[in-house]
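Please keep the sequence and the three-dimensional view at hand while reading.

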Amino acid sequence: LGEAAMLRTILLVLAAALAALLIWVGMKPATYRVERSAVIKAAPADVYGHVYDLAKWEAWSPWAKLDPNSKVTFEGPTSGPGAIMRWAGNEKVGRGAMAITDAKPAEAITIRLDFVEPMEGTSTVGFQFRPKDQATEVVWSTTGDQGFVERLLCTVMGVDVEAMIGQDYERGLANLKTVAETAVPAAEPVGPASPPAPTPPG
C-alpha cells in the first residue's frame, strides 16, 4: 500500500474506534446511584445526631482529613432542614456546598449536594437509620445525573463512579461507627429531687 492509502486506512480505523466509543458511552445510564450500609452498636437517635448536625461531620467524614487546610463555613443553624455547609480545599476535596432539605428524627435525612470544583454537579444524598436488634443499620446513598461529557470522561479515564464514591462511603461509615459507639449516649432529663419525708412527731 502507498502512504496515502495507509494513512486513509489508519484514519478509518481511528474513526471507527471513536464512533464505537461514542456509541458505548451513549448506551451507559444517564443517572447513577451509590449505596453503602453499616451496623452501628448505638441507638438510632444517637447515630442520627452525628449526621443531623453538620458541625459534627468533621469527626467522621471520609473527606475531613484529606486537606487539613480546607475552609469550612456554615450558613444559619448547623443542624436541621435549612442548615448549609460550604467547603473549599485542595484538588482532593474540591469546592462545594451541602444543605439539609428534609429530616425525620432518628429515621432519615436528605441532603442536597452541590459540587463546584473540580467538576460541577448536583446530587441527592440520603441517610436512613433502621433499628436492628440492639443496634442501628445506617444506609448512606447518593443519586444524581451524569451527562454525556461526564460519562465520556469517566470512560476514557477509567473512573468507576460507583466504586470511587462507594469506597469513600465505606470509610465514612467506619468512622461514624467508631465515633457513635464511643460517644456517651445523651442523658435522660433529670427531674427535681423529691423533698425529704417529714419527720413523724415524737
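M6 is partly exposed, with a relative accessible area of 46%; in this text, buried means under 20% relative accessible area, exposed over 50%, and partly exposed in between (1.4 Å probe, protein chains only). The structure is a predicted model, in which local features need pLDDT of at least 70, side-chain atom pairs count only at pLDDT 80 or more, and totals for chains, interfaces and linings use all residues. Residues are numbered from 1 along each chain as its sequence is written, and side-chain values use heavy atoms, with hydrogens and water left out.

M6 belongs to helix α1, which covers residues 3–27. Helices (H or I, at least four residues) and strands (E, at least two) are DSSP runs, numbered from the N terminus. Together with L7, I10, L11 and L14, M6 makes a nonpolar surface patch of about 500 Å². Patches consist of residues with over 30% relative accessible area and no salt bridge, where like charges are joined within 9 Å and nonpolar side chains (Val, Leu, Ile, Met, Phe, Trp, Tyr) within 5 Å. The protein as a whole exposes about 13,000 Å², of which carbon and sulfur atoms supply 61%; accessible areas come from the Shrake-Rupley method with a 1.4 Å probe, and for residues only the protein chains shown count as cover.

The overall architecture comprises 4 helices and 7 strands. Along the sequence these elements follow the pattern α-β-α-β-β-β-β-β-β-α-α. Of the 202 residues, 30% are buried. Among contacts (heavy atoms within 4.5 Å) between residues at least 6 apart in sequence, 54% join residues at least 24 apart.

Which residues have the most contacts inside the largest nonpolar core? They are W57, I109 and F127, in a core of 30 residues. A nonpolar core is a set of buried Ala, Val, Leu, Ile, Met, Phe, Trp, Tyr and Cys residues joined through side-chain atoms within 4.5 Å. The elements that give two or more residues to this core are β1 (31–40), α2 (44–52), β3 (84–88), β4 (95–104), β5 (108–117), β6 (121–132), β7 (135–145) and α4 (161–182). Helix α4 provides the largest share, 6 residues. Not counting residues up to four places away in sequence, I109 touches Y48, V51, Y52, I100, D102, A103, V125, G126, F127 and F129.

Strand β5 also holds F115, a residue that is partly exposed at a relative accessible area of 32%. Leaving aside neighbours within four places in sequence, F115 is in contact with W87, V93, R95, G96, E120 and G121. The C-alpha atoms of F115 and W87 are 9.8 Å apart, while 28 residues separate the two in sequence.

D114 is found in strand β5 as well. Beyond residues up to four places away in sequence, D114 touches W87, G96, A97, G121 and T122. The side chain of D114 makes a polar contact of 2.7 Å with the side chain of T122. A polar contact is a pair of N or O atoms within 3.5 Å; within protein, one must be able to donate a hydrogen and the other to accept it, and residues adjacent in sequence count only if both atoms are side-chain atoms. D114 also forms a salt bridge with R112, the closest N and O atoms being 2.8 Å apart, and R112 is partly exposed at 44% relative accessibility.

A salt bridge is a side-chain nitrogen of Lys or Arg within 4 Å of a carboxyl oxygen of Asp or Glu. How many salt bridges does the structure hold? It holds 7. One of them joins R36 and E170, with the closest N and O atoms 2.8 Å apart. This pair links distant parts of the chain, since R36 lies in strand β1 and E170 in helix α4, 134 residues apart. R36 is buried, with a relative accessible area of 18%, whereas E170 is partly exposed at 45%.

Another salt bridge brings together the side chains of R171 and D168 (3.1 Å, N to O). These two residues are separated by about one helical turn, because they are 3 residues apart in helix α4. R171 counts as partly exposed at 33% relative accessibility, whereas D168 is buried at 17%.
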